[in-house]
Amino acid sequence: MVPLQYYLLFSAAMFCIGVFGVLARRNALVYLMSVELMLNAANVVFVASSAHYGTISGQVFSLFTMALAAAEVAVGVGIVLVAYRNFKDIDITNPTSMRW
Amino acid sequence: MALPALTPQYVLGLAALLVLVVDAFTPTSRKNGLLAGLTALAGVTSAGAAAWLYAGGAGRTTLFDGALAVDASTSFFTAVFGCVAALVAVASYDYVREEPHQSAYYALVLLATAGMSVMAAANSLVTAFLALELVSLPAYALVAYLKRDAGSAEAGLKYFVVGALSSAILVYGISLVYAATGVFGFAALADAVAGNAHVTVLGAGVVMLIGGFAFKTASVPFHFWAPEAYEGAPAPVSAFLSSASKAAGFVLAFRVFLLAFPLAAFEALGIPWTLVFAVLAVVTMTLGNVAAATQTNVKRMLAYSSIGHAGYALIGLAALSGPTSSDVAVVGASFSHLFVYGFTNTGAFLVVALAERWGVGRTFEDYAGLARSAPVASAVLAVLLFSLAGLPVGGGFWTKYALFLGAVQSGLWWLAAVGVVNSALSLFYYSRLVKAVWVDAPDETGVARERPTGIYAAVVVAAVVTVALLVAPDVVFSWADAAARALVSA
Amino acid sequence: MNEWIAVGVFAVVAASIPAVMVSASRLLRPSVPEKGKETVYESGEVPTGGTRLNFNIQYYMVALLFVVFDIETVLIFPWTVVYQDAVGAAGLGSALAPMLVFIAVLVVGLGWAWRTGVIRWVSSANTEFNT
């Protein structure tokens, strides 16, 4: 069996790619995909640890994470649409009517 | 009569469904009053049921194989959420009267409140996470509720962008904690972390969990959504998010860190998380108050002051030291601060809602002389703001005093000192607004103001509760102490 | 580390199969360049416009409702796996009732969306791809 550490390293790489996308990309939809990647990195850890410890709870949590990811995209795309109607763009750095 | 332990949660969830069913049967008729009344009734009923459960003295009830646990802290915070939801619903009756999709608005408020009350009962990282998202997802939609308003859309987008990122970080944190321990339940985690062999993974997970909670409570380092979201959102939604949602984030943070990650076990591992919270508390309250002092926009000032208050409440987690009695005192002080803050801050934001409805502008200058045309609302605003600052005109005085005292008693005198300096600073910018409203001359005199019944009722109730908590604080504070004891010595 | 050698061999074989197929066919086939082969559709259809076009926004609502029921399946699936055992262990009521409540909540949501006209298709003349 592959040791848990490898899965952790793999998921950390996935998570970091997601973080990079979040920081570097300005398109709202690509941003959502990057967040999705971060959530799936967590899923990898859940499923791998679940197998490692021989408990089923981690796998169940990964199902909840998927459900959350879908719900988040549904709400998120709705908000992106509302923003697009107001700003005619889906660049998340564009709406800057409020500043500190 | 013995109620089921989850009565408040059931009431809120069923009320949300009921709102949708009512709207599904009569999709074309306007029924703002009915829906607002239903929402307010559900809020008050759940708060009443929570008080009833506390008075019944049931102790700690574990449900669904330990996924949820109802104790005094659950009922205490459920009461806060129910009351704030009721105030927000009553105020929204006037605020969203002209808007479309009212049933969605009220249903989302109820769903978010239900999620908060489940957060207050979470006893496992699974339920904690699901409840937290049940609060977040409706909140995104509520912030962007005014679809045609660029400010609301921008606020919704920014709130969602930061929220999605922070929930991904939270999930990854949970997954790392699971990788290190193999369990989700709080009680099982408390056993599994003691002498855990995977300190690095566990520590990284805990730090990421703190990040997730910081988002929900609008604390540093995930605070930067708050000013935008509160400024752009409809004012009742700002009130709801900045009081109830923040309190929900705190009760979950308290539950996780007191029940699942015992301080003694973590100090043995070399991860003293109180230190993290102490640093976060100082940075959060300083940043919030300094930024608030430089604002010219009233709603934004309240938003930053809300960040500052998150810093005060964090003292409850920072000043834990070990002995049960002092821990109960400081956690209880933090709980009662969140209770008082729930009413006071909701009231302050609802006064802004009132001003928005009147078409008063957004800056301090625009509020000049508001007292001439609206003396009641202005008096309420003054009371609420001074209570937020910690002057003895409202319950905020006692809670701040107890918090700083608790910090001193656990040896963190510097934390208390920073808190006092910040309170003095906050008095400066709160009194700027009070001065504008009461002393400065208005641009135009003799303006006749309409009196929206709902918002007026909500702000007056908020002010009355705030003042009542100064006069008779013991009812609530003994409840807060019981809530703290339920978590500290669980 | 024997198993890892197997993985490496597998990766090499997997990568070499398509490479061998493509290069072998390049060596064997006759080369007859012809203009008709380079068009997008060899049937002769001439493509118009760009490949990126806006879909009708009303598909969003359909997609949204699809996601709800798609994810519902994810949560029902583990339940069906343990259903037989759960009925044996806890009785029919406690095994079935939670899932019925879950589906009832979703039905309330769907019913609301339907009744409030979320999924009513509005046709408008000025939308180009109005199908």
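**Reading the two chains**

Student: In chain B, what share of the contacts between residues at least 6 apart in sequence join residues at least 24 apart?

Tutor: That share is 81%. A contact here has C-beta atoms within 7 Å. Keep in mind that we are looking at a predicted model. In chain A, 44% of the contacts between residues at least 6 apart join residues at least 24 apart.

Student: What makes the radius of gyration of chain B agree with that of a compact globule?

Tutor: Set the value against the rule: with 490 residues, a compact globule would come near 23 Å, and chain B has 21 Å, which agrees. Its C-alpha atoms fill a box of roughly 70 × 55 × 45 Å along the principal axes. Within chain B there are 20 helices and 2 strands.

Student: How many of the residues in chain B are buried, as a percentage?

Tutor: Buried residues come to 65% of the 490 in chain B. By the same test, 41% of the 100 residues of chain A count as buried.

Student: Why is chain A called more spread out than a compact globule?

Tutor: For 100 residues the globule rule gives 13 Å, but the radius of gyration of chain A is 17 Å, well over that, so chain A is more spread out than a compact globule. The box filled by its C-alpha atoms is roughly 50 × 25 × 20 Å.

Student: How do you know that the span of helix α3 of chain A is close to the expected one?

Tutor: Helix α3, residues 57–87 of chain A, has 31 residues and reaches 43 Å from its first C-alpha to its last. At 1.5 Å a residue, 45 Å is expected, and the two values are close. Just after α3(A), A:Lys88 takes a positive phi of about 60°.

Student: How many residues does each chain give to the contact between chain A and chain B?

Tutor: Chain A gives 35 residues and chain B gives 33. On the chain A side, α1 (4–24), α2 (28–53) and α3 each give two or more residues. The largest share, 15 residues, comes from α3(A).

Student: What are the residues on the side of chain A that touches chain B: nonpolar, polar or charged?

Tutor: They divide into 26 nonpolar, 8 polar and 1 charged. In this grouping, Gly counts as polar.

Key: Residues are numbered from 1 along each chain as its sequence is written. Chains are lettered from A and ligands numbered from 1 in the order in which they are written. This is a predicted model: local features need pLDDT of at least 70, side-chain atom pairs count only at pLDDT 80 or more; totals for chains, interfaces and linings use all residues. Helices (H or I, at least four residues) and strands (E, at least two) are DSSP runs, numbered from the N terminus. The radius of gyration is taken over C-alpha atoms; the globule rule is 2.2 Å times the number of residues to the power 0.38. A residue is buried if 20 or more other C-beta atoms lie within 10 Å of its own, exposed if 12 or fewer, and partly exposed in between; C-beta atoms are placed from the backbone. Two residues are in contact if their C-beta atoms, placed from the backbone, lie within 7 Å. The expected span of a helix is 1.5 Å times one less than its number of residues.
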